[in-house]
Amino acid sequence: GFIVSISAVASINGYFALIMLIAVIVFVYAMMHSANKTTAVEIEDNKNWVEAWRHTSDVMGNISLIKQSASEDYEKDRIRESFNKGVLTTIKGGRLYNSMATWRTLLISTSRVIVLGLSVVFLKDEVLTLGQIIALNTYMGMIFGPFIRIGHMWETIQRSTANMKKSMGLLDQDTEKYEGVETQLKGTVEFKNVSFYHDDRK
């Protein structure tokens with residue numbers, strides 16, 4: 001994999017191996033540095049959307065009471081505000097991932113251009129052969145390829161991390177202690193004027 005490819009490049013030219021190694025180190029550092037920020041954005045986004053849909057569900061479940069109290073406009077504003085928060089955090093996350101994709105592409109592309117540019121110079125000076133340059137290009141793909149794929153999957157990875165942190169938070173909560181109340185009923189229980197129905201079917 002990576003070590004074999006770097007070693008092969010170093011056997012062709014040490015400068016090229018150093019350039020690629022520096023690019024990979026910067027790539028990994030930047031990804032790790034942004035991990036906490038992207039996870040925090042995902043957690044905030046998830047929280048805002050859950051609250052928005054929960055509020056909508058509450059309103060729909062109590063629509064009769066809301067109409068009776070003439071609170072429709074108030075609840076509409078609250079729902080709109082909740083969904084606006086969700087949209088804003090989603091846009092924030094999208095911009096963050098887009099900026100990360102931009103600098104990833106820029107970093108890898110710059111490294112490739114430097115290596116290929118120096119390869120042409122070394123070819124003219126007969127330091128490298130055409131076969132070595134072709135091999136360099138192949139090894140460069142083997143070195144950068146896995147990191148490019150990780151970059152493409154980074155959004156999915158961060159969303160999974162955010163969901164995992166949420167799940168672990170639920171598991172870490174203390175178990176609720178419930179002590180039942182013992183009651184003794186005497187006499188009889190009678191129901192009067194009780195009805196139950198779904199929709200218009202009684």
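The following is a working chat about a predicted model of one chain.

Student: Before we look at anything, what are the ground rules for this model?

Tutor: The model is predicted, so local features need pLDDT of at least 70 and side-chain atom pairs count only at pLDDT 80 or more, while totals for chains, interfaces and linings use all residues. Residues are numbered from 1 along each chain as its sequence is written, and side-chain values use heavy atoms, with hydrogens and water left out.

Student: What does the chain average in pLDDT?

Tutor: The average is 82, and 92% of the residues score at least 70; pLDDT is the predictor's confidence in each residue, from 0 to 100.

Student: And which elements have the lowest and the highest mean pLDDT?

Tutor: Helix α3 (residues 63-68) has the lowest mean, 75, whereas helix α4 (residues 72-124) has the highest, 87. Where pLDDT is low, the predicted coordinates should not be read in detail.

Student: OK, the fold. How many helices and strands are there?

Tutor: There are five helices and zero strands, and from the N terminus the order is α-α-α-α-α. Helices (H or I, at least four residues) and strands (E, at least two) are DSSP runs, numbered from the N terminus.

Student: What radius of gyration does the chain have, against a compact globule?

Tutor: The chain has 30 Å, whereas a compact globule of 202 residues would have a radius of gyration near 17 Å; the radius is taken over C-alpha atoms, and the globule rule is 2.2 Å times the number of residues to the power 0.38. Along its principal axes, the C-alpha trace spans about 105 × 45 × 30 Å.

Student: What share of the residues is buried?

Tutor: Buried residues make up 27% of the 202 in the chain, where buried means under 20% relative accessible area, exposed over 50% and partly exposed in between, with a 1.4 Å probe and protein chains only.

Student: What about contacts between residues 24 or more positions apart?

Tutor: Such pairs account for 80% of the contacts in the chain with a separation of 6 or more, a contact being heavy atoms within 4.5 Å.

Student: Let's go to α2. What should it span, and how far apart are its ends?

Tutor: The 48 residues of α2 should span 70 Å at 1.5 Å a residue, and its end C-alpha atoms are 69 Å apart, which agrees; the expected span is 1.5 Å times one less than the number of residues.

Student: Where is the kink in α2 centred?

Tutor: The kink, of about 40 degrees, is centred on Ala35, the bend at a residue being the angle between axes fitted to the seven residues ending there and the seven starting there.

Student: What happens at the start of α2?

Tutor: There, a side-chain oxygen of Asn13 reaches to within 2.9 Å of the backbone nitrogen of Tyr15.

Student: Why does His55 count as buried, and what is it in contact with?

Tutor: His55 counts as buried because its relative accessibility is 9%. His55 is found in helix α2 (residues 14-61) and, leaving aside neighbours within four places in sequence, is in contact with Glu75, Arg78, Ile79 and Ser82.

Student: And Asn48, buried or exposed?

Tutor: Asn48, also placed in helix α2, counts as buried at 7% relative accessibility. Not counting residues up to four places away in sequence, Asn48 touches Ser82, Lys85, Gly86 and Thr89.

Student: Switching to α4, how far does it reach?

Tutor: With 53 residues, α4 reaches 77 Å from its first C-alpha to its last, close to the 78 Å expected at 1.5 Å a residue.

Student: What does Met100 touch?

Tutor: Met100, in helix α4, is buried at 2% relative accessibility and touches Met31, Ser34, Thr38 and Trp154, not counting residues up to four places away in sequence. The C-alpha atoms of Met100 and Gly151, 51 residues apart along the chain, are separated by 8.5 Å.

Student: And Leu116?

Tutor: Leu116 lies in helix α4 and counts as partly exposed, at 38% relative accessibility. Leu116 touches Asn137 and Met140, not counting residues up to four places away in sequence.

Student: Last one: what phi does Glu126 take?

Tutor: Just after α4, Glu126 takes a positive phi of about 60 degrees. Most residues other than glycine have a negative phi. Glu126 is found in the loop between α4 and α5 (130-172) and is exposed, with a relative accessible area of 70%.

Terms used:
A polar contact is a pair of N or O atoms within 3.5 Å; within protein, one must be able to donate a hydrogen and the other to accept it, and residues adjacent in sequence count only if both atoms are side-chain atoms.
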